[in-house]
Amino acid sequence: MSAALASLYAQHLAQVVHDSDAALAASGHDSLLIAAGTPRLRFLDDQAPPFVASPHFLRWLPLTDTPGSWIVHVPGSKPRLIFLQPRDYWHVVPETPRGYWVEHFDIITVADENAARLQLERVLGEHSAILGEEGAAGADLAPNNPPALLARLHWTRACKTPYEITLMRAASRIGARGHRAAARAFHAGASEFEIHIAYLAAAGLSESELPYANIIGLDTHGSVLHYTRLERARPQSRRSLLIDAGGQYAGYASDITRTHAASGQGDFAALIASMEEMQQILCLGVRAGQPYPALHEEAHRLLGGVLAQHGLVRCSAEAAFAQGITRTFLPHGLGHLLGLQVHDIGGHQSAPEGGRTAPPSEHPYLRLTRTLEPGMVVTIEPGLYFIPMLLDALRATSAGSDVDWTRVEALLPCGGIRIEDDVLCTTGDPHNLTREAFAALDAA
């Protein structure tokens, strides 16, 4: 894949430089210093969580494990990488950079943070923009993170280049392999923890390399939206599995959810099939010019139809939507931007200059309120959950009389359903990166 990436990367870097130059000009800055970041020790401890590089650093180049390194960009000059390669026998030292991207940078290798700081001071000026966490290079080089500049970078980052899409396709294939192995483990009777291990092995990732902690819930655990406990014991009987797990490649993420019914759970399997049909309709709605909140609202209208079709409500689909019944069964947003972050930043931003478009008051957890544009990758992840605390609240309202509670109680032990794909918005039909990845596995 490196040969194909070389050409795509040159185009990508040109776009990144263009976006950065425009952001610098608009915010009144003349140079850009971007920290990869450094590990932060836990409170009162000498250990740090796994290092995660800044997404601003990773957009320039695919170095995911080079803490203490910096990118320096001055408009009109070749970008510079200050590469920290310490003399260290406690840890693995980052390898000398090589690959399709190195020719595009002036690379200066330093052995410690003081040497890196000296290199930065050569370009640092009154109008430098410094992006990073507090303490990224000492008190004398504190990041200023100019809001006007960051707003423009966050806005443009939402639309991915062909190079970025190629990396996200690779991440999707990694995630698809893990999901196939997880499904096999579930049907073979594995515990949540054993399913997790099967996923890691098939994906070829360690836990620290996952884009987010795997959500693997059997039965009622599937109704806990961010369930990550991972029970070690195998349940005596099983009804369902909800697994939300992704892959990562060169810093770019995939985000995939599937729900499986155990043998003998025919009603729940039929409900999953209807949710699958609904989800695929919504994926086709990922088109340029589509306001994402309207697509989220369409998900609730369609969910009303699923509830009516399966006898969970006695009223019409439209009545279930109008009364807010669907919000009990789908309390989260339809999806979000995806890229270098699982929940890519800028989803609520209203313009390149900044501003915030809040989600509708009745859907406060919607992470994306922008209108879709070509190059955006979004998740489409409708759900249908049996969450006791929300069901109890609905039962106490007048709308509760339109719910068939006997039917709900019968399905409540299955927890819930979520089906999630990563979908690329184009100038024409959407490209479903997740379905493409599963299809490639089938064809191999």
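## Packing of H1 against H5

Helix H1 (residues 2–27) and helix H5 (residues 162–187) have axes that come within 7 Å and cross at roughly 130 degrees. H1 is therefore oblique to H5. The model in which this pair is described is a predicted one.

On the H1 side, the contact is made by Leu-5, Leu-8, Tyr-9 and His-12. H5 contributes Pro-162, Tyr-163, Glu-164, Thr-166 and Leu-167. Sorted by class, the residues in the contact of H1 with H5 are 6 nonpolar, 2 polar and 1 charged.

## Nonpolar cores

The largest nonpolar core has 52 residues. Those touching the most other members are Tyr-292, Leu-303, Ile-325, Phe-329, Ile-380, Leu-384 and Phe-386. Two or more residues are given to this core by each of helix H7 (266–283), helix H8 (292–309), helix H10 (325–329), strand S13 (377–380), strand S14 (383–385), helix H11 (388–395) and helix H12 (405–411). H7 supplies the largest share, 7 residues.

## Surroundings of Ile-380

Once neighbours within four places in sequence are left aside, Ile-380 is in contact with Gln-279, Leu-282, Cys-283, Val-286, Tyr-292, Leu-295 and Leu-334, and also with Ile-419, Glu-420, Asp-421 and Val-423. Tyr-292, one of these contacts, is also listed with Ile-380 among the core residues that touch the most other members.

## His-221

His-221 is found in the loop between strand S6 (215–218) and strand S7 (240–245). Its relative accessible area is 23%, so the residue is partly exposed. Not counting residues up to four places away in sequence, His-221 touches Glu-192, Tyr-227 and Glu-231. With Tyr-227 there is a side-chain polar contact of 3.0 Å.

The C-alpha atom of His-221 is separated by 9.8 Å from that of Ile-387, a residue 166 residues apart from His-221 along the chain.

## Positive phi in two loops

Leu-44 has a phi near 55 degrees, a positive value in a residue other than glycine. Leu-44 is found in the loop between strand S1 (31–35) and helix H2 (55–60). With a relative accessible area of 77%, Leu-44 is exposed.

Asn-145 also has a positive phi, near 40 degrees, and is likewise a residue other than glycine. The loop that holds Asn-145 runs between strand S5 (128–131) and helix H4 (147–157). Asn-145 is partly exposed, its relative accessible area being 25%.

Notes: Residues numbered from 1 in each chain as written. Predicted model: local features only at pLDDT ≥ 70, side-chain atom pairs only at ≥ 80, totals over all residues. Heavy atoms only, no water. Core = buried A, V, L, I, M, F, W, Y, C linked by side-chain atoms within 4.5 Å. Buried < 20%, exposed > 50% of the residue type's maximum accessible area, 1.4 Å probe, protein only. Helix = DSSP H or I, 4+ residues; strand = E, 2+ residues; numbered from the N terminus. Contact = heavy atoms within 4.5 Å. Polar contact = N/O pair within 3.5 Å; in protein donor to acceptor, adjacent residues only side chain to side chain. Axes fitted to C-alpha atoms, helices over the stretch in contact; angles between N-to-C directions. Parallel < 35°, antiparallel > 145°, perpendicular 65-115°, else oblique. Nonpolar A, V, L, I, M, F, W, Y, C, P; charged D, E, K, R; others polar.
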